[in-house]
Amino acid sequence: MNLLRRDTLYMAGRLSQISLGRSLHSSRMLLDVKDKESSQKPADSKKPKVEETKEEPPKVEEPPAEKIEYIGNTRFPRPRPKPRKTIRPGEAVGQQVPAGKLEHMPLKEKIDKKFRDILSPEKNLESRARIIREIGESHWQNILDLRNNGDKLFEAPAELIPATTARYLPNLECKSLTGSTVDIAELCRGKTTLLTMEFVKFAEKHTLSYINVFEKAFEGRGKVQVVQVNIEENWAKAAVLRMCLPYVRRNVPKHRHDTYVLHYGGVEALRNTLGIANPLIGYAFLVDSKTRVRWYANGEAVQSEGATMLTLADTLIRKAK
């Protein structure tokens, strides 16, 4: 028993010695590693330091944040203005061939033709295409265009459109203040004409700015005339305009009652042919004796446009003789 106990104590002592030796060995190894690192530091410090240059990526300029306008005190953004639709100044407008005479039908025949158009598949397709175009455009687009860009599309060119490239005035059936039915193309044939078009009351001051200057310069001269066309495309407003005809007659000079004409109904084709982009402003056209559109202007006349119109009209009058 004593012998077994003595052997057990001997083995425990040997194990403790072995573990102590291993720990001392590992601590010596750690000290050696630290000594090597400390000896290498001065050598590393003597080496010249190379500064690393970092290439910065090119700066991309960000576009300025879009300023959003709001309507009044609400948080509804104001609609963005669309690009202004207009033609290039001096570009030929009108139709390619001279306008023929229109057939003036009695009221009964007009009603019958309207019913035939309602039952016609071709006319229905044309009407559908027109409605789709109207749906794609804002009802307030023309008003927004005036607010953002003013009532002048461009300043009129200083030269006539050459006779070789000029186009012809399209025809339109109208009623004069005397009650007679007239065609504007036939009315302009054989005379140098200042033709003005207005679609709203707001545009009347624009057309009068050309008419007053023209009449003052060419009063009393033959083969010269002014034709003022008042067009109402909305059927409800057309009914009001018919009731206001006595007021219109009182305000238009008597010598112009034969050449002041009115049209009730849509004229989309006419507007596209003559380059009328915004019907809320007035338009003026110089038409020669062969019904070719030789010059045009829009909005209220500036001083230079009035002088240009008179010079070009005088040129057309002399060439017509």
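Modeller: A strand here is a DSSP run of E with at least two residues, and strands are numbered from the N terminus. The model is a predicted one, and in it β6 (283-287) and β7 (293-298) each give at least two residues to the lining of the largest cavity, with β7 giving the most, 3 residues.

Biologist: What makes the space lined by Ile87, Leu153 and Phe154, among others, a cavity?

Modeller: A cavity is a set of points where a 1.4 Å probe fits but cannot get out. The search of the whole structure finds 1 cavity of 30 Å³ or more, and the largest cavity has a volume of about 50 Å³. Its lining, which includes Leu274, Tyr283, Phe285 and Asn298, has 8 nonpolar and 2 polar residues but no charged ones.

Biologist: Why are α6 and α10 called oblique to each other?

Modeller: The axes of α6 (204-218) and helix α10 (residues 303-320) come within 10 Å and cross at roughly 45 degrees. Angles under 35 degrees count as roughly parallel and those from 65 to 115 as roughly perpendicular, so α6 and α10 are oblique to each other. The crossing is right-handed, and the contact is made by residues including Tyr210, Phe214 and Phe218 of α6 and Met309, Leu310 and Ile317 of α10.

Biologist: How many residues of each class does the contact of α6 with α10 have?

Modeller: The contact of α6 with α10 has 9 nonpolar residues, 1 polar and 2 charged.

Technical notes: Residues are numbered from 1 along each chain as its sequence is written. This is a predicted model: local features need pLDDT of at least 70, side-chain atom pairs count only at pLDDT 80 or more; totals for chains, interfaces and linings use all residues. Side-chain values use heavy atoms; hydrogens and water are left out. Helices (H or I, at least four residues) and strands (E, at least two) are DSSP runs, numbered from the N terminus. Axes are lines fitted to C-alpha atoms, for helices over the stretch in contact, and angles run from 0 to 180 degrees between N-to-C directions. Angles under 35 degrees count as roughly parallel, over 145 as roughly antiparallel, 65 to 115 as roughly perpendicular and the rest as oblique. A crossing is left-handed if the near helix is turned anticlockwise from the far one by less than a right angle, and right-handed if clockwise. Contact means heavy atoms within 4.5 Å. Ala, Val, Leu, Ile, Met, Phe, Trp, Tyr, Cys and Pro count as nonpolar, Asp, Glu, Lys and Arg as charged, and the others, Gly among them, as polar. On a 1 Å grid over the protein atoms alone, a cavity is a set of points where a 1.4 Å probe fits but cannot get out, and a pocket is an open set with protein on both sides within 12 Å along at least five of seven lines; lining residues have an atom within 4 Å of a point. Grid points are joined across faces, edges and corners, and a volume is the space filled by probe spheres set on the points.
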